[in-house]
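Please open the structure in your viewer and keep the selection tool at hand.

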Amino acid sequence: MIDIKLIRENPDLVKENIKKKFQDEKLPLVDEVAKFDKEHREVKQKGDELRAERNRLSKSIGSLMREGKKDEAQKVKDQVKSMGDELESLEAREKELDDEITKRMMVIPNIIDPSVPIGKDDSENVENERFGEPKVPDFPIPYHTDILESLDGLDIDSAGRTSGNGFYYLKGDVARLHSSILAYARDFMINKGFTYFVPPFMIHGNVVNGVMSFKEMENMMYKIEGEDLYLIGTSEHSMVGRFIGQILKEEDLPQTLTSYSPCFRKEVGAHGIEERGLYRVHQFEKQEMVVVCKPEDSMYWYNQLWKYSVEFFRSMDIPVRTLECCSGDLADLKVKSCDVEAWSPRQKKYFEVGSCSNLGDAQARRLKIRVKGKDGNYFPHTLNNTVVAPPRMLIAFVENNLQADGSVLIPKPLQPYMGGQTVLVPKKKK
């Protein structure tokens with residue numbers, strides 16, 4: 001949510017930003033907010049003046065009574081009551097206007113960073129940089145489900161019977177590999193100075209509204225029936241929500257946090273052949289990075305965060321690239337975002353394994369998170385980035401470490417977490 005002062009003082013900037021995001025249907029919202037805001041301030045001022053006058057008159061009633069001026073006192077009482085009725089009406093209108101303003105402000109997109117490329121959708125995202133040499137071996141690479149099943153590590157059929165589409169069982173060495181990757185990611189971030197958390201996996205609706213747009217919520221979140229609780233789609237939700245309504249000490253910034261959680265998402269849908277298997281699922285686990293910092297430091301942390309993801313994947317010798325999200329592909333709360341994509345030797349292209357985002361002060365405004373500074377309180381900036389999100393990361397892992405005989409090498413950083421194993425050997429023949 002943007003600062004309403006922008007609409008008061010520079011509505012053209014807000015409209016231009018909406019156009020850059022190709023959301024012209026939202027342009028009327030700017031003028032509507034300006035209109036409601038003007039009336040809201042007028043109603044509030046009138047209410048404040050009326051309240052002050054009512055208080056003044058109320059104090060005079062006692063004096064009139066002591067002076068024996070009962071008739072005059074009664075007239076003042078009637079006047080005070082009338083003022084109370086009018087004040088109640090003004091307060092109701094003020095609340096009504098406040099709701100109308102908030103409803104519109106919640107869907108007006110955040111102001112994007114000037115460096116964001118302009119484009120309509122993800123087809124116009126821009127490659128930034130590649131890290132590592134992408135290779136295609138001289139032997140055929142099976143689909144990832146076939147590789148994992150050959151290692152006796154994946155059972156989708158049973159999950160279909162227990163839970164339906166979009167679920168899976170990992171087992172044996174593959175399940176251990178999955179947990180090892182998460183444990184390595186946890187320690188990787190702790191060694192970067194981040195504080196490790198295991199957060200709540202369910203959050204209240206007001207936290208959901210604070211961390212994401214309504215459209216995202218509808219497409220992603222599972223609601224617990226009969227309760228004000230939602231399953232988180234990423235631990236960023238509960239980690240940023242942790243600060244709701246708080247005033248932070250400036251000396252405690254930046255808050256650099258890394259969190260583990262299972263993640264639950266509605267999205268599966270028909271996305272084509274490459275969406276089979278573990279590409280899009282209803283549940284997965286993830287290690288996340290979250291930063292809460294001073295506004296002037298947020299772009300520094302943005303660049304630090306995506307670099308940590310690149311370093312993590314390269315430590316396992318997986319080639320990656322960063323892809324700058326264009327204006328039309330940015331979620332409404334985001335100022336700037338890039339995807340980290342891993343190389344798929346089978347597809348001979350890169351695919352998304354993580355996303356790094358700077359949300360400016362949008363989440364802090366919605367959640368009323370403030371920092372006590374020397375010159376008064378201000379809203380901090382929040383950022384998040386994926387360290388790793390298996391099982392999708394397993395796809396990049398097995399493809400890039402697959403050998404001609406069907407075995408899968410385990411890179412050195414993971415070997416201590418795998419009990420010293422250096423290779424996974426096929427146990428089943430397809």
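The stops below visit a sheet, the helices against it, a pocket and a cavity.

This is a predicted model, in which local features need pLDDT of at least 70 and side-chain atom pairs count only at pLDDT 80 or more, while totals for chains, interfaces and linings use all residues. Residues are numbered from 1 along each chain as its sequence is written, and side-chain values use heavy atoms, with hydrogens and water left out.

**Stop 1: the sheet**

Strands of a sheet pair through backbone hydrogen bonds, either parallel or antiparallel. Select the open sheet of 8 strands, whose order is 1-11-12-13-16-10-9-4, with mixed pairing. Strands (E, at least two residues) and helices (H or I, at least four) are DSSP runs numbered from the N terminus, and two strands pair if DSSP finds at least two bridges between them. Strand 1 (126-131) and strand 4 (195-197) stand at the edges with a single partner strand each, so one side of each has no neighbour in the sheet. From one strand to the next, the twist averages 25°.

Next, select residues 255-264 and 283-293: these are strand 9 and strand 10, which pair in the antiparallel sense over 10 bridges. Within this pair, Ser259 stands opposite Glu288 of strand 10.

**Stop 2: the helices on the sheet**

Select residues 172-190, which form helix 7; this helix packs on the sheet and touches strand 4, strand 9, strand 10 and strand 16 (381-388). Contact here means heavy atoms within 4.5 Å. The direction of helix 7 makes about 10° with that of strand 10; axes are lines fitted to C-alpha atoms, for helices over the stretch in contact, and angles run from 0 to 180 degrees between N-to-C directions.

Helix 11 (residues 298-314) also packs on the sheet, where the strands it touches include strand 1, strand 12 (336-344) and strand 13 (349-358). Its direction makes about 5° with that of strand 16.

**Stop 3**

Select Met1, Asp98, Thr102, Met105 and Lys368, the closest to the centre of the second largest pocket among its 16 lining residues. On a 1 Å grid over the protein atoms alone, a pocket is an open set of points with protein on both sides within 12 Å along at least five of seven lines, a cavity is a set where a 1.4 Å probe fits but cannot get out, and lining residues have an atom within 4 Å of a point. Helix 4 gives the most to this pocket's lining, with 4 residues.

**Stop 4: a cavity**

Finally, select the lining of the largest cavity: Met1, Ile2, Met106, Ile108, Pro109, Asn110, Asp332, Leu333 and Arg366.
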